[in-house]
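I opened a notebook page for one protein chain. I wanted to look things up one at a time and write down what I found.

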Amino acid sequence: MRILIIGSEGFIGHHIVSNLSKINEFELLTCDKKPNSRGGDSHYMICSIENDLNNIIAESKIDYCINASGSGSVPYSMTNPNDHFN
């Protein structure tokens, strides 16, 4: 089973990858907008949700997609909520 995890470099995404990688029946594809800081992941991609995601999903033939992406700053999100929907 192929699972795409978007936002794999963040707090939640990293923990999802860490736990699912222990299960041999899953092939994990991971992507984030910043470089892979943990290393050793041959299925890692730098991607932009706005530009790359449709191509990644079409080409990778994934079974499931987990979106763990989001803003790293709660105060900024609270004062600028529209920035996350454009």
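The entries below go from the whole chain to single residues.

**Entry 1: Ground rules.** I am working with a predicted model, in which local features need pLDDT of at least 70 and side-chain atom pairs count only at pLDDT 80 or more, while totals for chains, interfaces and linings use all residues. Residues are numbered from 1 along each chain as its sequence is written, and side-chain values use heavy atoms, with hydrogens and water left out.

**Entry 2: The outline.** I looked up the secondary structure and found three helices and four strands. Helices (H or I, at least four residues) and strands (E, at least two) are DSSP runs, numbered from the N terminus. Along the sequence the pattern reads β-α-β-β-α-β-α.

I then looked up burial. Buried means under 20% relative accessible area, exposed means over 50%, and partly exposed is in between (1.4 Å probe, protein chains only). Of the 86 residues in the chain, 28% are buried. The accessible surface is about 6000 Å², and carbon and sulfur atoms account for 53% of that surface. These areas come from the Shrake-Rupley method with a 1.4 Å probe, and for residues only the protein chains shown count as cover.

Next came contacts, meaning heavy atoms within 4.5 Å. I took the contacts between residues at least 6 apart in sequence, and 55% of them join residues at least 24 apart.

**Entry 3: Helix H1.** Which residues of helix H1 (residues 11-20) are buried? I noted Gly-13, Val-17 and Leu-20. They cover an arc of only 80° around the axis, so they sit on the same side of H1. The arc is that of the directions from the helix axis to the C-beta atoms.

The buried residues of H1 pack against E1, E2 and strand E4 (64-67). On the face turned away from the buried side I found the exposed residues Phe-11 and Ile-12. Phe-11 has a relative accessible area of 67%. I also checked Phe-11 against Gly-72, which is 61 residues away along the chain, and their C-alpha atoms are separated by 9.1 Å.

**Entry 4: Helix H2.** In helix H2 (residues 53-60) the buried residues are Leu-53, Ile-56 and Ser-60. Seen down the axis, they fall within an arc of 60°, so they line one face of H2. They pack against E1, E2 and strand E3 (44-46). The face turned away from them carries the exposed residues Asn-54, Ala-58 and Glu-59.

**Entry 5: After H2.** Lys-61 follows H2 and lies in the loop between H2 and E4. I wrote down that Lys-61 has a positive phi of about 50° although it is not a glycine. For background, most residues other than glycine have a negative phi. Lys-61 is exposed, at 66% relative accessible area.

**Entry 6: The cores.** A nonpolar core is a set of buried Ala, Val, Leu, Ile, Met, Phe, Trp, Tyr and Cys residues joined through side-chain atoms within 4.5 Å. How many residues does the largest nonpolar core have? I listed eight: Leu-4, Ile-6, Leu-29, Cys-31, Cys-47, Leu-53, Ile-56 and Ile-62. E1, E2 and H2 are the elements that give two or more residues to this core. A second, separate core has five residues, including Ile-3, Val-17, Leu-20 and Leu-28.

I looked up the contacts of Leu-4, leaving aside its neighbours within four places in sequence. Among them are Leu-29, Cys-31, Met-45, Leu-53 and Tyr-64.

**Entry 7: Cysteines.** I looked for disulfides, meaning pairs of cysteine sulfur atoms within 2.5 Å, and the structure holds zero. The cysteine sulfur closest to that of Cys-65 is in Cys-31, 7.4 Å away, which is too far for a bond. Cys-31 is buried at 0% relative accessible area, whereas Cys-65 is partly exposed at 38%.

**Entry 8: The salt bridge.** I counted one salt bridge, meaning a side-chain nitrogen of Lys or Arg within 4 Å of a carboxyl oxygen of Asp or Glu. Glu-27 and Arg-2 form it, and their closest N and O atoms are 3.7 Å apart. Glu-27 lies in strand E2 (residues 27-32) and Arg-2 in strand E1 (residues 2-6), so the pair ties together parts that are 25 residues apart in sequence. Glu-27 is partly exposed at 30% relative accessibility, and Arg-2 is partly exposed at 25%.
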